Amino acid sequence: MLEQTIEKVLVTEAEICAKSEELGQILTTAYADKNPLMIAILKGSIPFFAELTKRIDAHIEMDFMVVSSYHGGTSSSGEVKMIKDLDTSVEGRDIVIVEDIIDTGRTLLYLKELLIHRKAKSVKIVTLVDKPEGRVVDIEADYVGFTLPNEFLVGFGLDYDEHYRNLPYIGVLKAEIYQTEV
Ligand SMILES: O=P(O)(O)OC[C@H]1O[C@H](OP(=O)(O)OP(=O)(O)O)[C@H](O)[C@@H]1O
Ligand code: HPA
């Protein structure tokens, strides 16, 4: 069914689990005794957030923000909209933003500047995927799972028109899918 719409798989579920384990160990060491606030940027980061946080062997807290800049299809509106803010104050806290992807960089630049403005003690970014060729603003993640080419990706939280987030791997859709309703 869904699998028939996929042109190629770029990152398998096993590779994502192994990378989450590796990043979890790095964050366990980096944040031992710091009680960071880990922020999932919804909706896309949910599957990765779940994989990653269960592999961090240290005290953490969790909160959630909903922001959106992609309005259907494969192109960014360029405007980042806050749809749901945090419940927790970030003042004086060590923050780890968890994202599924950094592409143009606009979403993470907006979020990082917002959290610094709110007086977070530190703000680090962990992303499952980095597409450096897509960047239009100057921002980098501190921890990157996979650096991938500039193709439109789906799966493991990444959507095309809100579909395909539930694929357990990251891939590219067949070209004809972009011309038809999903
Ligand atoms: O680097 P950028 O070009 O800003 O793109 C990255 C952002 O785009 C996607 O979110 P989207 O706005 O599509 O919302 P979603 O998480 O609900 O899919 C993704 O989850 C990142 O938050
Ligand atoms: O390649 C992508 N796929 C899905 N969502 C995205 N948001 C930014 N880039 C992408």
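# Briefing: a predicted protein–ligand model

Buried residues make up 32% of the 182 residues in the protein; buried means that 20 or more other C-beta atoms lie within 10 Å of a residue's own, exposed means 12 or fewer, partly exposed covers the range in between, and C-beta atoms are placed from the backbone. This is a predicted model, in which local features need pLDDT of at least 70, side-chain atom pairs count only at pLDDT 80 or more, and totals for chains, interfaces and linings use all residues. Residues are numbered from 1 along each chain as its sequence is written, while chains are lettered from A and ligands numbered from 1 in the order in which they are written.

**Confidence**

- The protein averages a pLDDT of 95, where pLDDT is the predictor's confidence in each residue, from 0 to 100.
- A score of at least 70 is reached by 97% of the residues.
- For the complex, the predictor gives an ipTM of 0.98 and a pTM of 0.95.
- Where pLDDT is low, predicted coordinates should not be read in detail.

**Overall fold**

- The protein has three helices and eight strands. Helices (H or I, at least four residues) and strands (E, at least two) are DSSP runs, numbered from the N terminus.
- From the N terminus on, the order is β-α-β-α-β-β-β-α-β-β-β.
- The radius of gyration is 16 Å, which agrees with the value near 16 Å for a compact globule of 182 residues. The radius is taken over C-alpha atoms, and the globule rule is 2.2 Å times the number of residues to the power 0.38.
- Along the principal axes, the C-alpha atoms fill a box of roughly 50 × 35 × 25 Å.
- Among contacts with a separation of 6 or more, 66% are between residues 24 or more positions apart. Two residues are in contact if their C-beta atoms, placed from the backbone, lie within 7 Å.

**Strand pairing**

- E2 (37-42) and E3 (61-70) pair in the parallel sense over six bridges. Two strands pair if DSSP finds at least two bridges between them.
- Ile39 has Asp63 of E3 as its bridge partner.
- E3 also pairs with E4 (residues 76-84), in the antiparallel sense and over four bridges.
- Val67 has Met82 of E4 as its bridge partner.

**Helix H2 and Phe49**

- H2 spans residues 46-53, and its buried residues include Pro47, Phe48, Phe49, Glu51 and Leu52.
- Phe49 lies in H2. Phe49 is buried because 24 other C-beta atoms lie within 10 Å.
- Leaving aside neighbours within four places in sequence, Phe49 is in contact with Ala40 and Val98.
- Phe49 and Ile139 are 90 residues apart in sequence and, C-alpha to C-alpha, 21 Å apart in space.

**Ligand 1**

- The shell around ligand 1 has 17 residues, of which Gly44, Tyr70, Asp103, Thr104 and Thr107 come nearest. A residue is near a molecule or strand if its C-beta atom, placed from the backbone, lies within 6 Å of it.
- Strands E3 and E5 and helix H3 (106-117) each give two or more residues to this shell.
- The largest share, four residues, comes from E5.
- By class, the shell around ligand 1 has four nonpolar, seven polar and six charged residues. Ala, Val, Leu, Ile, Met, Phe, Trp, Tyr, Cys and Pro count as nonpolar, Asp, Glu, Lys and Arg as charged, and the others, Gly among them, as polar.

**Backbone features in loops**

- A cis peptide bond joins Leu42 and Lys43, with omega about 5°. Lys43 sits in the loop between E2 and H2.
- Asn35, in the loop between H1 and E2, has a positive phi near 45° and is not a glycine. Asn35 is exposed, since 12 other C-beta atoms lie within 10 Å.
- Lys119, in the loop between H3 and E6, has a positive phi near 70° and is likewise not a glycine. Lys119 is exposed, with 11 other C-beta atoms within 10 Å.
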